[in-house]
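Let me put the model up, and then we'll go through its pockets.

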Amino acid sequence: MFGAMARHIHPSITNGKQSNIVNLRPIMSIVKPTGKHTAAAPSMHVALGLNTFRAVTRASGYVKYFTTLPEPQEPTINTASIPGPKSLELKKKLNTMQLADMVNFFVDYESSTGNYLCDVDGNVMLDVYMQISSIPLGYNHPRLLNIFNNDTNVKALINRPALGFFPGKDWPVRLENILKQIAPKGLNNMTTMMCGSCANENAYKNIFIAYMRKKRGEEGNFTDEEMKSCMVNMPPGAPNLSLLSFHGSFHGRTMGALATTHSKYIHKIDFPSLDWPVAAFPNYKYPLEENERDNKAEDEKCLAQVEELIETYSKKDRPVAGIVVEPIQSEGGDNHASPEFFQQLQYISKKYDISLLIDEVQTGGGCTGKFWCYEHFNLPSPPEIVTFSKKLQLGGYFHTSEYRPRETLRIFNTWMGDPAKILLLEEIINVIKEDQLLDQVQQSGKVLKTGLLQLEKEYPHLVNSTRGRGTFLAIDFETPELRDTVIAQLRKWGVHAGGCGKQSLRFRPALTFREKHANIVLDRLRRVLYET
């Protein structure tokens with residue numbers, strides 16, 4: 001079943017010495033199904049022998065500098081079902097040590113390449129989920145593999161500093177480079193963290209610090225009563241402030257972030273939380289162009305509720321210090337709102353002199369065709385805080401200087417980010433610019449979205465509500481059960497996608513996802529819908 005591999009060795013000069021470079025040329029073979037598709041005989045490229053590949057690459061003196069496989073022409077499925085037997089065995093073992101029920105399958109990351117993920121059973125799938133939107137350039141990108149071939153960078157990896165106390169000599173320059181290249185316009189300060197949850201958690205503190213500083217006055221000091229009462233979690237030191245969030249939102253699972261998360265009950269049940277206001281997020285009808293009047297009314301209803309809640313919580317002595325919102329509600333179901341909605345939301349925040357935080361943890365990094373999704377909204381001024389993580393490799397947030405604490409140790413932890421991840425982020429930004437990947441996202445997204453809209457016409461009883469920007473797309477199914485069935489069947493056809501919300505399928509490919517990949521996805525999805 002495995003294709004043959006030709007090994008072509010030729011001389012090369014490396015560090016002044018002659019060495020061998022392996023040129024891998026997998027010979028593709030195609031299995032053609034007859035009649036209606038069955039899981040055992042899809043029309044797919046047969047996988048390159050992984051053991052053969054590893055044996056050859058181990059023999060190469062060059063492999064430590066470049067270890068990525070060329071992308072296959074199309075997916076390959078070797079097992080009758082996914083997860084396959086090796087994944088099931090590993091899952092059984094993992095379950096003896098921790099709860100592993102959510103594990104879909106185990107991945108062979110060494111053999112995954114580009115837009116293709118390889119599992120431990122040798123199944124090679126076109127990945128349009130990319131570790132929940134966290135892999136920006138696909139698997140084993142050669143530019144990223146080269147990062148830690150540099151002795152200086154390796155030392156940054158193994159000598160991980162407590163950045164708040166002992167940053168490396170190059171840390172200010174590296175942050176300055178990041179700020180210059182990707183910082184949202186007007187946000188000239190950057191706080192690094194480890195993940196999306198802790199980015200939001202600490203950004204919320206910045207909001208409260210700024211709010212209380214305004215209340216005390218710029219030169220106001222903490223009172224003795226405040227300093228004592230905060231130690232027992234009581235006002236005035238622990239003030240009764242709140243943040244306004246939206247139904248369907250997801251901002252993380254730490255305690256503060258969880259208070260603003262409202263996508264699934266399983267995330268929240270049994271955990272004490274805070275009495276903070278929750279407003280309705282627009283629930284649009286699709287196609288948008290046929291439902292403009294209803295969707296505009298939906299915007300107005302939700303915005304009116306935002307103002308009503310701000311006023312209500314002020315009267316109950318729990319004033320709203322800020323509004324927290326995703327530009328696209330991702331985990332909650334890929335729920336969108338119009339630029340006009342976000343413009344008015346910012347207007348409300350200015351009206352009540354409170355902060356606007358835009359959570360770009362999943363949408364940031366270019367997947368919507370712009371580096372920051374909120375740039376699509378043409379806001380009159382930047383939001384006060386923009387949080388990030390996932391594709392940017394570490395967590396953190398950009399903010400204005402007004403949101404910088406005056407006192408030390410208020411926003412702090414041991415790591416305060418990770419210099420090794422900044423090294424990766426710098427190179428990711430370089431590749432995005434050099435390869436014009438934001439343009440690529442728009443082109444590939446257009447192909448994928450056009451195809452999804454066509455599938456709506458072909459199967460209106462199954463799918464609807466195609467929506468999204470760039471390749472950050474989603475479709476809805478008639479029932480949650482149908483959505484789950486389609487995701488499972490897509491894997492059998494070699495496409496790895498993910499769900500969100502109640503009955504949505506979301507697409508989260510890498511920025512290197514091209515038109516040819518979009519066509520493969522559409523072809524396999526069409527076959528699955530045909531058989532459903």
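Of its 24 lining residues, Lys205, Phe208, Gly237, Ala238 and Pro239 sit closest to the centre. Two or more lining residues come from each of α7, α8 (224-229) and α9 (255-258), and α7 has the largest share, 7 residues. By class, that's 14 nonpolar, 4 polar and 6 charged.

Quick housekeeping. This is a predicted model, with pLDDT of at least 70 needed for local features and 80 or more for side-chain atom pairs, while totals for chains, interfaces and linings use all residues. Numbering runs from 1 along each chain as its sequence is written, and side-chain values use heavy atoms, leaving out hydrogens and water.

On terms: a pocket is an open set of points on a 1 Å grid over the protein atoms alone where a 1.4 Å probe fits, with protein on both sides within 12 Å along at least five of seven lines, and lining residues have an atom within 4 Å of a point. Volume is the space filled by probe spheres set on the points, joined across faces, edges and corners. Helices (H or I, at least four residues) and strands (E, at least two) are DSSP runs, numbered from the N terminus. Gly counts as polar, and Tyr and Cys as nonpolar.

Now the largest pocket: about 1,300 Å³, lined by 47 residues, with Met102, Tyr129, Ile132, Glu331 and Arg506 nearest its centre. α14 gives the most, 4 residues. The classes are 20 nonpolar, 17 polar and 10 charged.
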